[in-house]
Amino acid sequence: MRIIESFLKSNRCYQKAEQNTRGGLMLHSVGCPQPSAQAFVGSWNNAEKAACVHAFIDANTGDIYQTLPWEYRGWHCGSGAKGSGNDTHIGVEMCEPSCIKYTGGATFTCSNIPAAQEAVRRTYESAVQLFAELCKKFRLDPLADGVILSHEEGHRRGIASNHGDPVHLWNQLKMGYTMDGFRKAVKAAMGSATVPAASSGTRITGTAQATADQMRAYIKAKNPNVAQSVIDMIPLYLSEGAAEGIRGDIAFSQSCLETGNFTFKGSAVTLDQNNFCGMGVTSNGMKGNSFDTPQIGIRAQIQHLKAYANSEQLVNPVVDPRFKYVARGSAEFVEWLGIQENPQRKGWAAGAEYGEKILTILTAITGAQAATPAPAPASPFPAVPFLIKVIIPDLNIRKSPGSADNTNLTGKFTGIGTFTIVEVSGSWGLLKSYQKNRNGWIYLGNPEYCEICF
């Protein structure tokens, strides 16, 4: 189970920040052939949307996109003669297969039943795990009357609008699922390990999936003022991780979590300690360990992760001062790094969902791999630097590109002559003599003003 925080901050429901009593959980399905949770996150994150649930479960991956804090009052089930489940229940939507087509009401046809069944199985199993975690978090008994309801059951109780989800989906695809069976599955999941089975967790041992460029792009976006020394040391996560067979992208994601994206705000360590994972901070007020160089600090972090991930010998000499205190192999998955989620109650940190927070960051770093960027349009200009020949005496020099009005004029002109362009932005060129402060731009797009010297 992976929870990806995707709060709908532009939605009026999120902005109102009303509280629910967290007395129960309500299960929905979206009622349209859309398997992607991100599609709903994108379309619902606006002030015009009059609905808002706490989470969507992706039918392609089983990932959970949390769209409201669990404590917020959602707008997910409407109301009935006896009030509204929005006041009492957390609402979760399961996305539906793309191969179904609704023909009226809750009735649909399906062009690929095996694929649809597989998609529904993913959402069902993730919903079981999520509801088990929420029941533990809020001390709810899933078998108690009214604690876990479907939207349909909520309507029958008079606290929700008239919908038939999600049982309509299960029945027509002959899944064999029932709400009573779902509640029992949640109860069973609460009594077992609260984290992934051996086949589905995110192993710390392995090869990094994120690249150094992706990590640099992520941290620059999150912290535009990040120190250059941090940018320079990013490849060390990959090289030190590869040396020990540990995923360096996981280590970097952990560092982002522990240091507040290298702002060190609220962190027990500082940049000059070269300790990017809170090592040695075992209680409030402790400063933690310090290391001579960033490489040694990252090596210590990789070694500490390896201590949790497996029982293999270290390749490099031990520099981790706390290596000997780890129960070797006690957290082979990222999801088990949090003590609360670890089946042996061992782990790196005591805070709830520690591993899931690391994975949320990792997902953001590697997310660019899921989309293929459109090719950039071909530029009409040669590679910089290049020469242009100005053929009028009064071509304006402007302070910035992109504006042809009179608000950014410098009051100067190029005069007739040949000039060097060192940067291009759209159809604007930066003059070499203004390169230092980037405050001298001319328009290149009118052949009546200037000619490109190819």
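Reply: Gladly! Let's start with α9: ten of its twelve residues are buried, so α9 is largely enclosed by the rest of the structure. Buried means under 20% relative accessible area, exposed over 50%, and partly exposed in between, with a 1.4 Å probe and protein chains only. Helices (H or I, at least four residues) and strands (E, at least two) are DSSP runs, numbered from the N terminus. Please keep in mind that this is a predicted model: local features need pLDDT of at least 70 and side-chain atom pairs count only at pLDDT 80 or more, while totals for chains, interfaces and linings use all residues. Residues are numbered from 1 along each chain as its sequence is written, and side-chain values use heavy atoms, with hydrogens and water left out.

Me: Which residues of α9 are buried, and what do they pack against?

Reply: Among them are Gly-248, Asp-249, Ile-250, Phe-252 and Thr-259. The buried residues of α9 pack against α7, α8, α10 and α11. Just after α9, Gly-260 takes a positive phi of about 65 degrees.

Me: How do you know that the span of α9 agrees with what its twelve residues should give?

Reply: The expected span of a helix is 1.5 Å times one less than its number of residues. For α9 that should be 16 Å, and its end C-alpha atoms are 16 Å apart, so the two agree.

Me: Why does Gln-273 count as buried?

Reply: Gln-273 has 2% relative accessibility, so it counts as buried. Its place is in the loop between α9 and α10. Leaving aside neighbours within four places in sequence, Gln-273 is in contact (heavy atoms within 4.5 Å) with residues including Ala-268, Lys-287 and Phe-291.

Me: Why is the pair of Tyr-124 and Phe-182 called edge-to-face?

Reply: Rings of Phe, Tyr and Trp (its six-membered ring) pair if their centres lie within 6.5 Å; planes under 30 degrees apart count as stacked, over 60 as edge-to-face and the rest as tilted. The ring centres of Tyr-124 and Phe-182 are 5.5 Å apart and their planes are at 75 degrees, so the pair is edge-to-face. Tyr-124 lies in helix α3 and Phe-182 in helix α6 (residues 179-190), so the pair ties together parts that are 58 residues apart in sequence. Both Tyr-124 and Phe-182 are buried. One aromatic cluster is formed by Tyr-124, Phe-131, Trp-170, Tyr-177 and Phe-182.

Me: What makes the buried residues of α6 lie on the same side?

Reply: The buried residues of α6 are Met-179, Phe-182, Arg-183, Val-186 and Ala-189. They cover an arc of only 125 degrees around the axis (taken from the directions from the helix axis to the C-beta atoms), which puts them on the same side of α6. The face turned away from the buried side of α6 carries the exposed residues Lys-184 and Ala-188. What covers the buried residues of α6 includes β2 (24-29), α3 and α5.

Me: Which residues touch the most other members of the largest nonpolar core?

Reply: A nonpolar core is a set of buried Ala, Val, Leu, Ile, Met, Phe, Trp, Tyr and Cys residues joined through side-chain atoms within 4.5 Å. The largest has 46 residues, and those touching the most other members are Ile-219, Tyr-237, Phe-252, Phe-262, Leu-337 and Trp-348. The largest share of this core, seven residues, comes from α10. A second, separate core of 37 residues includes Phe-108, Ala-116, Ile-148 and Val-186.
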